[in-house]
Every structure is written in structure tokens, then in C-alpha cells.
Amino acid sequence: MELPDSHIDYEHSIEYWSSIPATVDGVLGGYGPHTPVPTMDVHGSMHFLRKLKSRMVAPEQMPKYSADIGAGIGRVTKDFLSKVSDKVDLVEPVKPFLEKAHVELEGLKKEGKIGEIYEVGMQSWQPDANKYWLIWCQWCVGHLPDDELVSFFKRCIGGLQPNGTIIVKENNTTGEDDYDPLDSAVTRTDEKFKSLFARAGLKLIATELQKGLPEGLYPVKMYALKPQNP
């Protein structure tokens, strides 16, 4: 029997997202500013990070450098990561989204809050060693098959500062993973995520369910991860 992640097609994913309007409404699948999703999403992320504050103390003399994975049009960087980090790098393979991100983040660029903007997919991104205080992956890792996702997490471990943290914020399904042919992505179960974290050499230090989202959407969980062998 073919596993759901075996159907993932990077090119199809890029084609699909390149056809979507480069707006908050577009990247959030119709749940834009006219819904509670963008505001509740940021509130949930901020709350989760505040609870982790004592476990995310950056080494002295090292900046709080974050990476926004699957950054889209820069919404998460603009509304959240730039407020908790000294500087943010963005990783995003969809060209129209990146063009919009450059516009949306112009003010933050002038403030020196934006670092590198990588036009590359997660499967090809190689972080600089020991650079990041936080690597934030939101609504994007479903575009990587299981084995590729494990490899991605292993590369992220190499990119962390001492005491650095990886946070994954993703939809969850129950029973078994669910493949969506529309955008060629997989929604994973909580159990699958935890098994992939362990395979990559990550330990789960905290998890929380995102609150305040409309009924009918997948549950969204946040997972805070540290290397098993720092």
C-alpha cells in the first residue's frame, strides 16, 4: 500500500501556490483579515513562546536570530517573529510570495530586522552552522515526505545556536496521515510527528493546541523541540 507522503510532488506544490493570490487571505486559504485566524494565530504563537522563555535563553553575545520556514508573504515574520527576534531570515520557494514579502517587509529591512531571504524549498535549504536561536516552521512541513522531513530537521539541528529551539506549528489529523492532491501536501497525525521528531534526534519539550480557530478546520498544534544530544 502506498503511503500518503509518497504522492508529494514539489513541482505541483510550487505551481499550486504560485497560482494563489499573494495576500494574507490567499496564503491562509480564505481565512484572511475578515476572520479571527490571523490574529488568533499570532496570539497563540506569542503565548506559546512566552511559556518557553526560561528554556530559550540565548547565549551571551549571540543575537536572537530566527528563521521563518515556508515564510510565504512574510506575515509570520512581520506580525510575530520580528517582535521576538533581533533578526529574521526567510525561506520560501514561491516567487510571487517572495516578491510580496520584499514589499511587506520594507520597513523592517530599514530597521535591520531582516537578514537573508532565501528563494529555496525546505528540502534544499542548508542553514549556517550554529546561527539560529529559533527555527520556526509553520504550515509548510506537509510538503516534505517523511524521510525528507527527517533530513530537514537534522540540518536544522546543525543550524541551531547552543540552547536553540525548533518550533513546528502544523495542522493535525487523526487515525492516519491525509494527502491533499490540491496542493500536494500531507497532514500528519500527532503520533507521526512525534515519531519523525525522534528519528531526527529531537526531543519534545512542550506542545500546545492553538485556540480560537473556526470550527471545521484541522486542529493546529505547536511543538517545541530541542536536540536530544546538544
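**Exercise 1. A loop residue with a positive phi**

Where is the place of Gln61? Locate this residue in the predicted model, and then describe its backbone and its accessibility.

*Solution.* Begin with the position: Gln61 belongs to the loop that runs between H3 and strand E1 (65-69). Next, turn to the backbone, where the phi of Gln61 is near 70°, a positive value in a residue other than glycine. Finally, consider the accessibility: the cut-off for an exposed residue is over 50% relative accessible area, and Gln61, at 77% relative accessibility, therefore counts as exposed.

**Exercise 2. A second residue of this kind**

Describe Asn130 by its phi, its place and its accessibility.

*Solution.* The phi of Asn130 is positive, at about 60°, although Asn130 is not a glycine. In the chain, Asn130 sits in the loop between strand E3 (114-118) and E4. Its relative accessibility is 47%, so Asn130 counts as partly exposed.

**Exercise 3. Helix H3 and its partner H4**

How do the axes of helix H3 (residues 37-51) and helix H4 (residues 75-84) cross, and which residues in H3 and H4 meet?

*Solution.* Take the geometry to start with: the two axes come within 11 Å and cross at roughly 25°. Angles under 35 degrees count as roughly parallel, and H3 and H4 are therefore roughly parallel to each other. The handedness of this crossing is right-handed.

Then list the residues: from H3 come Pro38, Asp41, Val42, Ser45, Met46 and Leu49, and they meet Arg75, Asp79, Phe80, Lys83 and Val84 from H4.

**Exercise 4. A serine in H4**

Is Ser82 buried or exposed, and with which residues is Ser82 in contact when its neighbours within four places in sequence are left aside?

*Solution.* Ser82 is part of helix H4. Its relative accessible area is 6%, and because buried means under 20%, Ser82 is buried. Once the neighbours within four places in sequence are set aside, Ser82 is in contact with Thr77, Val88, Leu108 and Lys113.

**Exercise 5. Helices H7 and H8**

At what angle do helix H7 (residues 146-158) and helix H8 (residues 190-200) pack, and which residues of H7 are buried?

*Solution.* The packing angle is about 50°, and the axes of H7 and H8 are 9 Å apart. H7 and H8 are therefore oblique to each other, and H7 passes H8 in a right-handed crossing.

In this contact, Asp146, Asp147, Leu149, Val150, Phe153, Lys154 and Ile157 of H7 meet Lys192, Leu196, Phe197, Arg199 and Ala200 of H8. The residues of this contact comprise seven nonpolar, no polar and five charged.

As for the length of H7, its 13 residues should span 18 Å at 1.5 Å a residue, and its end C-alpha atoms are 19 Å apart, which agrees. The buried residues of H7 are Asp146, Leu149, Val150, Phe152, Phe153, Arg155 and Cys156, and what covers them includes E1, E4, E5, strand E7 (185-189), H8 and E8.

**Exercise 6. A residue in strand E5**

Which residues does Asn163 touch, not counting those up to four places away in sequence?

*Solution.* Asn163 lies in strand E5 and, at 37% relative accessibility, counts as partly exposed. With residues up to four places away in sequence not counted, Asn163 touches Arg55, Met56, Val57 and Lys226. Asn163 and Glu119 are 44 residues apart along the chain, and their C-alpha atoms are separated by 27 Å.

Methods. Residues are numbered from 1 along each chain as its sequence is written. This is a predicted model: local features need pLDDT of at least 70, side-chain atom pairs count only at pLDDT 80 or more; totals for chains, interfaces and linings use all residues. Side-chain values use heavy atoms; hydrogens and water are left out. Axes are lines fitted to C-alpha atoms, for helices over the stretch in contact, and angles run from 0 to 180 degrees between N-to-C directions. Helices (H or I, at least four residues) and strands (E, at least two) are DSSP runs, numbered from the N terminus. Angles under 35 degrees count as roughly parallel, over 145 as roughly antiparallel, 65 to 115 as roughly perpendicular and the rest as oblique. A crossing is left-handed if the near helix is turned anticlockwise from the far one by less than a right angle, and right-handed if clockwise. Contact means heavy atoms within 4.5 Å. Buried means under 20% relative accessible area, exposed over 50%, partly exposed in between (1.4 Å probe, protein chains only). Ala, Val, Leu, Ile, Met, Phe, Trp, Tyr, Cys and Pro count as nonpolar, Asp, Glu, Lys and Arg as charged, and the others, Gly among them, as polar. The expected span of a helix is 1.5 Å times one less than its number of residues.
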